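Colleague: Hi, I'm new to this one, so please walk me through it.

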Amino acid sequence: MAGVRLEGVTKRFGDTLAVDRLSLEIRDGEFVVLLGPSGCGKTTTLNMIAGLEVPSEGHIMLDGRRIEGVPPDKRDIAMVFQSIALYPHMTVAQNIAFPLRMARMARPEIDKRVDDVARLLHIGELLGRHVHELSGGQRQRVALGRAVVRRPAVFLFDEPLSSLDAKLRVEMRIEIKKLHERLGSTFIYVTHDQVEALTMADRIAVMDAGIVQQYGSPDEVYGRPSNTMVAHFLGDPGMNFVAGRIAERNGSRGFEAAAFFLPLPEGVIEGSGAGAIKTLGIRAENVRTELGGAGTAGVIEGRVFATEPVGSDLFLDIAFGDSDEAARRLFKVRARPELSVRVGDTVPLGLPADKLYLFDDAGRRVYPR
Amino acid sequence: MATKQRPYMSDARFALLIVAVVLAFHVIIIAMPLGYSFYLSLHETNIILRRSDYVGFDMWQEALDTPEVIQATLLSLEFAAISVVLSFALSLGIAVVLDLDFPLRGLLRALVLMPWAISEIVTAGMWTMVTDPGWGVFNGILVPLGIVPEGFVWLNENWALFWLSVAFVWHIAPLGAFFFLAALQSIPDALYRAARMDGAGPLARFWYVTVPHIRYAVLIVLVVMTVDAFRQFDLVYAYTAGGPGTVTELLPLQIYRFNFQFSQYGLASASSFILIIIATVLATAYFFLLSRRRRVEREVRQAAVITG
C-alpha cells in the first residue's frame, strides 16, 4: 500500500516537451484518472511512474521514497497495457504466472496465487487456453490477472479498454471499479474517455499540453471546471461557449454576443469581479427549450441547424445567424425527445443564470467563483 | 464484329490457372532434369562406345562403395555444420543490431545485404585477395606485426575448410539477417515493456518474447542455409578448387568431376541423389524439431479442455 507523489516532473523528447513541471499527489488506495486528449502527456506520465521512461527533471516518490532510479520490476508497481500485451505463445496460466516466475517464487506458491487470481476474475476455465483462443474481454481479464497476481501497491492502467467494443467497455469499467474496491490498492488510470474518468475515478487530473489543468473529484471537474479546456473536454457534448463581452443595454448589464444580448442578474457580474470576461458557457442539458413558468432564465433565440435524436434525448444543434462561422460554432441543446421542432425553425432558449459560466480572456473560469 | 460476352473467371479457376503456370515451370526446370538424372543413375554410360546400358541400382551401390564419395559426403557435412552454426549466429546478431534505433539505420540495412548480392565467384575472388600467402590482406597486415610468419598459408590442410566456410558465411549471413530482422520487427514493443514490468531481464526478454516470435524465421534460415551449404559448388570451385589436396573436395565438386572430367554420368547422378537425400532429411528434421513444441502445446491444451 502506498501513495504516489510527483514533484515538478518534466519529460522532454528531443525538443518536444511532453510533460511540463507536473506535480501531483495520489493518496494511498485512491483511484486517480489522468484524463486528456492524445498527446497531452498522460501516458508519458504513467510510463515515468512505471519506470519505463526516466524523467528529465523532478522526483517521483512512492510511499515517501524516491524511485526515479529504481527499475520497473523493483517498484512494487504493475501495469495493464492498451494493447493488452499478453505473451502470445503462453497459456493463460503461464501468462499470469510469468511475473512470479521471474521473481523466482516457489512453484506451489505460484500455483496457489494463479488460482486465487483466476477465481477473483472468473477466468478459472480459461487457464489452459492460449491467448489467441480468447475473446477481447477475456484477454483483458487475463491482463488484469497478470497485474493482480503480483499484489503490487500501485496499479497503472494505460487506456486498457480502448480496444474493446462499447458494450464490453461498460462491463469492464464496472469490473475494474469493483476490483479497486476489493483490493484497496492505489489505481492510476490513463484515458481520453471522459465517461470512464467520471464513472471510475475518486479524483480526475485533467491534462492538456503536458500540464495538469485541474485536479479534483468528478463532481468538481464537471461542475466547477477551472477553464474552458476542462469545461469542453468533460461532458458529452462538451460545454457550449459563446464569445462576447460585458455591456450595458437599455439600462441593464448583461453579456453581449454577436447574435444576442443576455441580461445578467445582479451579482453575477459583480461576483465574477473582473472586466475581462470574454466567454459565456453553458452545458447542453441546462439550456431550457420549454419556457413555461420560467424562473430567472434569460431568453435568447436561435435557429435549428440540425437535430440528433438519440432515443432518450433529442439534441438540437443551434446556429446563431446564417454565416458559415455560425454553422461551425454550433450550440448544443438537450431537449426531450417529444419536442417537435424542424430544421430551420427559430426556437427560444432559456439560459438559467445559476447554470451559467463565465470565462476570462485566458479561458479561466471567473463565474461561479 | 460481334464480341462474345466473356464470363468472369471464378476464383477457383483463376487459382488453378496461376498454380498451373508455376507447376509447368517446376516440371520443366526441376522435375524433368531430376527425372533424367534418375534415369542416368540407373544406367552405365560409355561415351567412347556410345553405349548406355541399364544396370539397375549398381551405380548407387558403386557410389556408396567409392571412398572419395564417402569422404566428400563427410566433408560436405562438416562444411555445412560449420557454416550453418556461424552464419546462424552472425545473421541473428546482425539482425538484433539492425533492429535498434540509430542514425543512418536505413543505409546500413541496405549495405549489409551487399555480400549476398555479390555472386559466389566474386566472393571467392575477394577472399582469395584476403587469404593469399603472397599478396593477401591478412599477411599484408599480420606479417609486419610479426603475428604470422612471412608467406603464411591460410588455406592449409587443417584450416582450408574453415576459411571456405567463412567465405560462405560472409556471403550468406546477410540473407538470414533479413529474415530475422523482418521477424524482429513484427514483435510489438508493448510486449517488451510488459516483460520489463514483469521483472524479465534482457536475457529473459530475449528468451520469452523474442525467440517465440522468430521461431519460424529460424526454421526458414536453417533450411535455406543448410541446403545452400550442401549444394555449394561455385564458391568451392573458384576459391579452393577442392584443395589443398582433397581437404575441401566437397560432394558437389566431386559430382562435377565424375560428370565432366571422368564422364561417369551414372556415378555422378547416383552421387547427386545422396546429396538430395541428406538435404531433404535435414530440412525435414528441422521442421519437426521446430514445430514439435506447437504440437505438445496443443496436446496439453486439449487435455486441459477435457479435464477442466
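Colleague: Let's start with chain B. How many helices and strands does it have?

Modeller: Chain B has 14 helices and two strands. Both are DSSP runs numbered from the N terminus: helices are H or I with at least four residues, strands are E with at least two. Before we go on, this is a predicted model, where local features need pLDDT of at least 70, side-chain atom pairs count only at pLDDT 80 or more, and totals for chains, interfaces and linings use all residues. As for names, residues are numbered from 1 along each chain as its sequence is written, while chains are lettered from A and ligands numbered from 1 in the order in which they are written.

Colleague: Thanks. Is chain B spread out or compact?

Modeller: Spread out: its radius of gyration is 25 Å, well over the 19 Å that the globule rule gives for 308 residues, so chain B is more spread out than a compact globule. That radius is taken over C-alpha atoms, and the rule is 2.2 Å times the number of residues to the power 0.38. Along its principal axes, the C-alpha trace of chain B spans about 80 × 75 × 65 Å.

Colleague: What share of chain B counts as buried?

Modeller: 29% of its 308 residues. Buried means that 20 or more other C-beta atoms lie within 10 Å of the residue's own, exposed means 12 or fewer, and partly exposed is in between, with C-beta atoms placed from the backbone.

Colleague: Give me an example. What about B:Phe79, buried or exposed?

Modeller: B:Phe79 has 22 other C-beta atoms within 10 Å, so it is buried. You'll find B:Phe79 in helix H3 (residues 67-98) of chain B.

Colleague: Which residues is B:Phe79 in contact with?

Modeller: Leaving aside neighbours within four places in sequence, B:Phe79 is in contact with B:Leu161, B:Leu164, B:Ser165, B:Ala229 and B:Leu250. Contact means that the C-beta atoms, placed from the backbone, lie within 7 Å.

Colleague: Next topic, the two chains together. How many residues of chain B are in contact with chain A?

Modeller: 18 residues of chain B are in contact with 19 residues of chain A. On the chain B side, helix H9 (189-197), helix H10 (202-213) and helix H14 (265-307) each supply at least two residues. The largest share of that side, six residues, comes from H9(B).

Colleague: What classes of residue make up that side?

Modeller: It has 12 nonpolar, two polar and four charged residues. Here Ala, Val, Leu, Ile, Met, Phe, Trp, Tyr, Cys and Pro count as nonpolar, Asp, Glu, Lys and Arg as charged, and the others, Gly among them, as polar.

Colleague: Over to chain A, then. Which domains is it divided into?

Modeller: Domain 1 (4-228) and domain 2 (240-367), with bounds that come from an automatic or database domain assignment. Their C-alpha centres lie 39 Å apart. Four residues of domain 1 are in contact with seven residues of domain 2.

Colleague: In what order do the strands of its four-strand open sheet run?

Modeller: The order is E2-E1-E4-E5, and the pairing is antiparallel. Strand E2 (16-26) and strand E5 (65-66) stand at the edges, each with a single partner strand, so one side of each is left without a neighbour in the sheet. Two strands pair if DSSP finds at least two bridges between them. Strand E1 (residues 4-13) of chain A and E2(A) have seven, and A:Val4 stands opposite A:Ile26 in E2(A).

Colleague: Which strand does E3(A) pair with in the parallel sense?

Modeller: Strand E3 (residues 31-35) pairs with strand E9 (residues 203-208) of chain A over four bridges. A:Leu35 has A:Val206 as its bridge partner in E9(A). On to strand E10 (residues 211-216) of chain A: five bridges join it to E9(A), and the two run antiparallel.

Colleague: How many residues sit between E9(A) and E10(A) in their hairpin?

Modeller: Two, and A:Ala209 in the turn has a positive phi of about 50°.

Conventions: Two residues are in contact if their C-beta atoms, placed from the backbone, lie within 7 Å.
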